[in-house]
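Hi everyone, thanks for making time. I'd like to walk you through one model today, so please have a look at it on the screen and keep it open while I talk.

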Amino acid sequence: MTVAEIVTKLKSLADQKVYAHNVKFGAGENQFGVKMGDIRTLAKKLKTDHQLAKALWETGNVEARLLATLVVNPKLLSQAELDNMVRSERFSQVADWLSAYVIKEYPDKEQLREQWMLTDDPMAARAGWSLTSGKVARSPEGIDIPALLDRIEVEMPVAPPEVQWTMNSTLAQIGINHPAYRERALAIGERLGIYRDYPTSKGCTSPFAPIWINEMVRRQG
């Protein structure tokens, strides 16, 4: 399928409720409102197609970019290409898929993480903190946790909302996975109060760091 044919197909799958939901959460007008399941189904038909994925991304269309994250080959992207992709997207849903399906599979993600942790670009910083959150949880070797807590304490209250979300995740992962720093992580979360009143669906854990930390530690036994 060509890019034009795919865009036409995506348009035919438009759902006004999904469109309205996307708008509510920050998507622009360059979207159709396609259900995530329909995008995944289309991706399975297309399979991995790196050049097609790059062309889909260039459309700027929300659904085309979501689809691109599923059919791109992360190993064939240069650091500059991936960095540009991260900085060019402002809708959190696309950024999350880019993080989950592309960035986390990228061979040189640690180099990019280090760069993104020092940038002023909110979406690149968001990606950097997301990678750092995962590293804190799974492979913290070489991570200066006290320095991270220092940054979170000072920077999170004034960080853009996009950055606050993944910075808060890093705070929670420190508290959950590193008992020596749990008390300080809890204290920072309590003092800052970010996401204290965040609406949480029944059965889900609040993103407010003290609640999140305590609940996950409880589950660990």
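Before we start, one term: when I say two residues meet or touch, I mean that they have heavy atoms within 4.5 Å. And please keep in mind that this is a predicted model.

Let's begin with a pair of helices. Arg182, Ala185, Leu186, Gly189 and Glu190 in H12 meet a set from H13, namely Ala209, Pro210, Ile213, Asn214 and Val217.

Now to the nonpolar cores. The largest one has 36 residues, and those with the most contacts inside it include Ile6, Leu67, Val86 and Trp116. Which helix gives the most to this core? That is H5, with six residues.

Next, please find threonine 119, in the loop between helix H8 and helix H9. Is threonine 119 buried or exposed? It is buried, because its relative accessible area is 18% and the cut-off for buried is under 20%. A polar atom of its side chain lies 3.1 Å from the backbone nitrogen of aspartate 121. Threonine 119 also touches Arg87, Ala124 and Ala125, again not counting residues up to four places away in sequence.

Last, the aromatics. Searching the whole structure gives four aromatic pairs. In one of them, tryptophan 97 and tyrosine 101 have ring centres 5.7 Å apart and planes at 90 degrees, so the pair is edge-to-face. Both residues sit in helix H7, four residues apart, or about one turn of the helix. Tryptophan 97 counts as buried at 6% relative accessibility, whereas tyrosine 101, at 31%, counts as partly exposed.

Tryptophan 165 and tyrosine 198 make a tilted pair, with centres 5.6 Å apart and planes at 45 degrees. This pair links distant parts of the chain, 33 residues apart: tryptophan 165 is in helix H11 and tyrosine 198 is in the loop between H12 and H13. Ring pairs also bring in Tyr195, giving a cluster of Trp165, Tyr195 and Tyr198.

Definitions and conventions: Residues are numbered from 1 along each chain as its sequence is written. This is a predicted model: local features need pLDDT of at least 70, side-chain atom pairs count only at pLDDT 80 or more; totals for chains, interfaces and linings use all residues. Side-chain values use heavy atoms; hydrogens and water are left out. Helices (H or I, at least four residues) and strands (E, at least two) are DSSP runs, numbered from the N terminus. Buried means under 20% relative accessible area, exposed over 50%, partly exposed in between (1.4 Å probe, protein chains only). A polar contact is a pair of N or O atoms within 3.5 Å; within protein, one must be able to donate a hydrogen and the other to accept it, and residues adjacent in sequence count only if both atoms are side-chain atoms. A nonpolar core is a set of buried Ala, Val, Leu, Ile, Met, Phe, Trp, Tyr and Cys residues joined through side-chain atoms within 4.5 Å. Rings of Phe, Tyr and Trp (its six-membered ring) pair if their centres lie within 6.5 Å; planes under 30 degrees apart count as stacked, over 60 as edge-to-face and the rest as tilted.
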